[in-house]
Structure formats: C-alpha cells, structure tokens
Amino acid sequence: MTSTIHRVPLHTASGVNARIRARTDERVMHLARSGTGLEERLRQLDKEWDVERLLETNASAIAFAGVMLGAFVDRMWLILPALVTGFLFQHAVQGWCPPLPVLRRLGFRTSREIEIERNALKTLRGDYASPQTDLAPEEKARLALSAARL
C-alpha cells in the first residue's frame, strides 16, 4: 500500500501533477520577486481546502442526501450512499476514486502540496533561516521550494 502523502499524486495524471507543481512554483516566484503579498498568501493557504477534505465533505453530503431520500422518497435512493461510501473506501485504500481526476484537474491539491508552498513562503520570509541576501529573488524562491520538497 502506498504512503498517504504519495497516493493521490501517484493516481493523478503526470501532466496534472506538473501543472499543479508549476502553479505553486509560479506563485512562490511571483511573491519572491514582488516582495509583497506573502503574509496574505499564507493566510489564504490556511483557508485552502485540500482534495481529501473536499472528497470527504462531498461524500458525506451525498451519502446523507441519499439516506434522507431513501427514508422519505424511495428506498432506491439508498443505492447512492452505498456507492459513495464504496468510493470513499476505495480512496482510503488506494488513493483513487472517480471524482479525483476531475478535482485534480480543477487544481485541488493535497495537504502535502499546500504545505510545500507554505514552507517555501516561510523560508522566504526568514522563519527557518536567514535567506542569503546576495541571491536573486528567483534563486531564493528555487532554493526555498527545493528545501520544502525534501
């Protein structure tokens, strides 16, 4: 069984993973160059939902709706929570479920991918060590991203 932090990217098309990574890199590079907006971006990252949270929320809402429809409308609706919980179980075990490719293409990231951006920005801010001041902003960003991905 694949480790939790790697299972979603392993079940995501490589092009989608590359786009998600490139967007993260672009945001960090932009903030390194501009020198402003870093604190605001860190606040945004604190509020960003990862793909796991979105899957869990959607699955529970759909399952609940199916149970309610099954109880008050027609028992056939009970198929819906059975399917959704099966997909959620599949995701928990394998790291893949039918909505995952769509959500990843929409840009939803894993908690690890969000943490990589957060740690790169904190490195730029100087939280972990004083960044070298003689480096160009892009080089600082590249070093921060590399350290965050370790």
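In which loop is W96 found? W96 is found in the loop between α5 (79-94) and α6, where helices (H or I, at least four residues) are DSSP runs numbered from the N terminus. The structure is a predicted model, in which local features need pLDDT of at least 70 and side-chain atom pairs count only at pLDDT 80 or more, whereas totals for chains, interfaces and linings use all residues. Residues are numbered from 1 along each chain as its sequence is written, and side-chain values use heavy atoms, with hydrogens and water left out.

W96 counts as partly exposed, at 28% relative accessibility; buried means under 20% relative accessible area, exposed over 50%, and partly exposed in between (1.4 Å probe, protein chains only). Not counting residues up to four places away in sequence, W96 touches H11, Q90, H91 and P101, contact being defined as heavy atoms within 4.5 Å. With a relative accessible area of 0%, G95 is buried. Beyond its neighbours within four places in sequence, G95 is in contact with R7, V8, H11, Q90 and L100. By contrast, 39 Å separates the C-alpha atoms of G95 and A136, which are 41 residues apart along the chain.

Leaving aside neighbours within four places in sequence, E52 is in contact with R7, V8 and H91. The side chains of E52 and R7 are joined by a polar contact of 3.3 Å; such a contact is a pair of N or O atoms within 3.5 Å, and within protein one must be able to donate a hydrogen and the other to accept it, while residues adjacent in sequence count only if both atoms are side-chain atoms. E52 is buried because its relative accessible area is 16%. V67 also lies in helix α4, but is partly exposed, with a relative accessible area of 38%. The contacts of V67, leaving aside neighbours within four places in sequence, are with L78 and P81. V67 and R53 are 14 residues apart in sequence and 21 Å apart in space, C-alpha to C-alpha.

The interior was examined next. In soluble globular proteins, nonpolar side chains tend to be buried together. A nonpolar core is a set of buried Ala, Val, Leu, Ile, Met, Phe, Trp, Tyr and Cys residues joined through side-chain atoms within 4.5 Å. The largest such core has 16 residues, and those with the most contacts inside it are V28, A120, L121 and L124. The elements giving two or more residues to this core are α2 (14-34), α3 (38-47), α7 (111-125) and α8 (137-148). The most, five residues, is given by α7. A120 touches V28, A144, L145 and A148, not counting residues up to four places away in sequence. Apart from this core lies another, of seven residues, among them V51, L54, C97 and L100. In helix α7, R118 is buried, with a relative accessible area of 10%. Leaving aside neighbours within four places in sequence, R118 is in contact with L42, L45 and D46.

Helix α2 was then considered along its length. The expected span of a helix is 1.5 Å times one less than its number of residues; the 21 residues of α2 should therefore span 30 Å, which agrees with the 30 Å between its end C-alpha atoms. The buried residues of α2 are V16, N17, I20, T24, V28, M29, L31 and A32. These buried residues pack against α1 (4-10), α3, α6 (100-105), α7 and α8. R23, placed in helix α2, is partly exposed, with a relative accessible area of 36%. Just after α2, G35 takes a positive phi of about 75°.

Helix α2 also contributes to the largest pocket, giving five residues, the largest share of its lining. The lining consists of I5, H6, P9, N17, A18, I20, R21, T24, R112, E113, I116 and R149. The elements that give two or more residues to this lining are α1, α2 and α7.

Terms used. 1 Å grid on protein atoms, 1.4 Å probe; cavity = no way out; pocket = protein on both sides within 12 Å on 5 of 7 lines; lining within 4 Å.
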